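Have the structure open as you read.

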Amino acid sequence: MLEPIPGLQFFEEQHRYCYNGEWLAHNVSDIVDMDMTPFKRSMIAKYKDGEDGWAIRGKTIHDWCEGWLNGKDPEAPEKWKDWIEALRGEKFFEGAETLATEYRVVDPAKSCAGSLDFLLRKNGIIYVGDLKTVSSKKGVSGRKFCSVQLGAYASFLSRQGVFPDMAVMLVVAPGKVKVVEQSIGTCLNSFDEAWGKFQAKQPQF
């Protein structure tokens with residue numbers, strides 16, 4: 001298992017990172033979401049809260065997956081059983097060694113940090129991965145690959161001497177999981193392009 005990066009903290013309420021006592025200016029979500037339309041933002045906000053909202057669904061399933069990947073068998077609410085059983089039966093995880101879960105990474109030069117869902121080694125290949133949850137099987141095919149997000153994580157990991165070989169996104173719906181892989185090079189290029197665009201949008205002082 002990777003050791004946590006000393007001095008890197010995440011404050012959930014503010015959704016901000018602190019590194020060696022200094023607040024960081026950005027997080028990976030800022031770059032990923034920079035081109036989001038006002039309509040999409042309003043739809044995300046509309047369906048976020050409540051007992052069936054995406055926030056509680058995502059947190060519950062992510063928490064379960066983290067425990068499971070670390071050798072535990074955490075109890076999960078009956079409401080999310082179909083999502084969790086689909087993950088439990090997913091062949092991608094067979095024979096995989098967990099290197100890190102919910103792991104915080106940082107690039108001090110960019111004043112930017114983020115938290116990856118999992119880092120696994122399987123058949124000698126290191127995968128940096130992200131887990132997405134959707135409300136129905138129909139929503140699985142509509143999830144675009146998160147190349148900027150995973151490219152950021154791979155870039156930040158390289159600063160620690162950790163070099164993933166592949167990026168993977170798992171989209172889980174009740175009773176269904178879709179596994180999508182992409183080369184690290186493609187993800188790094190996507191992140192570099194997005195970072196340049198993001199920087200160009202920042203105020204000039």
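This is a predicted model: local features need pLDDT of at least 70, side-chain atom pairs count only at pLDDT 80 or more; totals for chains, interfaces and linings use all residues.

G142 sits in the loop that runs between β7 (125–133) and α5 (147–158); helices here are DSSP runs of H or I with at least four residues, strands are runs of E with at least two, and both are numbered from the N terminus. With a relative accessible area of 61%, G142 is exposed. For the cut-offs, buried means under 20% relative accessible area, exposed means over 50%, and partly exposed is in between (1.4 Å probe, protein chains only).

Residues are numbered from 1 along each chain as its sequence is written, and side-chain values use heavy atoms, with hydrogens and water left out.

On to the helices. In α4 (residues 81–88), the buried residues include W83, I84, A86 and L87. Looking down the axis of α4, these buried residues fall within an arc of 160°, so they line one face of the helix; the arc is taken from the directions from the helix axis to the C-beta atoms.

Helix α3 (residues 54–69) holds both W64 and W68, 4 residues apart, or about one turn of the helix. How are the rings of W64 and W68 arranged? The structure holds 11 aromatic pairs, and in this one the ring centres are 5.1 Å apart with the planes at 20°, so W64 and W68 are stacked. (Rings of Phe, Tyr and Trp, the last by its six-membered ring, pair if their centres lie within 6.5 Å; planes under 30 degrees apart are stacked, over 60 edge-to-face, and the rest tilted.) W64 is buried, at 2% relative accessibility. Ring pairs also link W64 and W68 with F92, F93, F118 and Y127 in a cluster.

There is also an open sheet of 3 strands, in the order β1-β2-β3 with antiparallel pairing. Its edges are β1 (8–11) and β3 (22–23), each with a single partner strand, so one side of each has no neighbour in the sheet. Strand β2 (residues 16–19) is joined to β3 by 2 bridges, and two strands pair if DSSP finds at least two bridges between them. C18 stands opposite W23 in β3.

On a 1 Å grid over the protein atoms alone, a cavity is a set of points where a 1.4 Å probe fits but cannot get out, while a pocket is an open set with protein on both sides within 12 Å along at least five of seven lines; lining residues have an atom within 4 Å of a point. The structure holds 1 cavity of 30 Å³ or more.

| Space | Volume | Top contributor to the lining |
|---|---|---|
| Largest cavity | about 50 Å³ | α3, 4 residues |
| Second largest pocket | about 170 Å³ | β5 (residues 97–107), 6 residues |

The lining of the largest cavity includes H62, C65, E66 and F118. The lining of the second largest pocket has E66 too, along with others including M1, Y103 and R104.

Notes:
Grid points are joined across faces, edges and corners, and a volume is the space filled by probe spheres set on the points.
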